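Let's walk through this model together, one question at a time.

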Amino acid sequence: MRRALAKTSGSGRHWSAPAAAVDAFDAKADALAVLVAAGAPAQALQVVPGAPAWFHPGRAGTIQIGPQNVLGHFGELHPQALEALDAQGPLVAFEVILEKIPEPKAKATRAKPVLELSPFQPVTRDFAFVVDRTVRAADILRAAQGVDRKLITGVSVFDVYEGERIAPGKISIAIAVTLQPREKTMTDEEIDALGRRIVAEVGKRTGGVLRA
């Protein structure tokens, strides 16, 4: 806890400043400044009427974050407090309870996914699809990738062809599909089965057929 006192008349904040009056509002401003500098969230601080008995009723206030977390008080001291201090009034004061300042919340971060390394050899298979010239290569890539997003770790275009042996208005787009086994080495039958699913999905999404 920290406390500060000031007379309501006298020099200002700097030796070169002219004499100026000081009141409860100045004490409030100083208390808020100290709390914010110590890490209190400025937007959450609330000022409400009332303060402990050593402050003057009606000329003091409380700083809090919700009703259960009081961070400080400010205002003009009660005449009885001045008498106990053997001080000439009026005096203004503030006290802050630094221990009550809540810990700042950690900023949410977008954590990177855990890198999974497989001990099994990746497998690459090539497919060449004949599609209408209006079909985008990206549509073929998305269709192939969507067959098994965990097992298929890469899909890329490696050849685009139109001309001899390709019907007018058609184009051949060849893609390479990389499979990364996670639990065991894939058998030829499993690879062929996945290949058939890729062909079926690309045909369904784009109308493409395997190039003969």
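Q: How much space lies in the second largest pocket?
A: Keep in mind that this is a predicted model. The lining of this pocket includes Asp148, Lys150 and Leu151, along with Pro181, Arg182 and Glu190. The space in the second largest pocket comes to about 190 Å³.

Q: How many residues in the lining of the second largest pocket are charged?
A: Among the lining residues you will find Arg182, Glu183 and Lys184, as well as Thr185 and Met186. By class, the lining divides into three nonpolar residues, one polar residue, and a charged group of six.

Q: How many bridges pair strand E6 with strand E8?
A: Strand E6 covers residues 123–132 and strand E8 covers residues 170–179. Arg125 stands opposite Val177 in E8, and Phe129 has Ile173 as its bridge partner in E8. The two strands pair in the antiparallel sense, and the number of bridges is ten.

Q: Which residue in E9 is the bridge partner of Val130?
A: E6 and E9 run antiparallel and are joined by two bridges. For Val130, the bridge partner in E9 is Val209.

Q: Which element gives the most residues to the lining of the largest cavity?
A: A search of the whole structure finds one cavity of 30 Å³ or more, and the largest cavity has a volume of about 30 Å³. Its lining is made up of Arg125, Phe127, Val177, Leu179, Ile191, Leu194, Gly195 and Ile198. Two or more of these residues come from each of E6, E8 and H4. With four residues, the element that gives the most is H4.

Q: How many residues lining the largest cavity are nonpolar?
A: Arg125 and Gly195 both belong to this lining, together with residues such as Phe127 and Leu194. The division is one charged, one polar and, for the nonpolar class, six.

Q: Is Val48 buried, partly exposed or exposed?
A: Val48 has its place in strand E2 (residues 46–49). Leaving out residues up to four places away in sequence, Val48 touches Gly61, Thr62 and Gln64. Buried means under 20% relative accessible area and exposed means over 50%. Val48 has 26% relative accessibility, so this residue counts as partly exposed.

Q: How far apart in space are Val48 and Ile63, C-alpha to C-alpha?
A: In sequence, the two residues are 15 residues apart. In space, the C-alpha to C-alpha distance between Val48 and Ile63 is 6.6 Å.

Q: What pattern does the protein follow along the sequence?
A: The secondary structure comes to four helices and nine strands. Read along the sequence, their pattern is β-α-β-β-β-α-β-β-α-β-β-α-β.

Note on methods:
Residues numbered from 1 in each chain as written. Predicted model: local features only at pLDDT ≥ 70, side-chain atom pairs only at ≥ 80, totals over all residues. Heavy atoms only, no water. 1 Å grid on protein atoms, 1.4 Å probe; cavity = no way out; pocket = protein on both sides within 12 Å on 5 of 7 lines; lining within 4 Å. Points joined across faces, edges and corners; volume = space filled by probe spheres on them. Nonpolar A, V, L, I, M, F, W, Y, C, P; charged D, E, K, R; others polar. Pairing = 2+ DSSP bridges. Buried < 20%, exposed > 50% of the residue type's maximum accessible area, 1.4 Å probe, protein only. Contact = heavy atoms within 4.5 Å.
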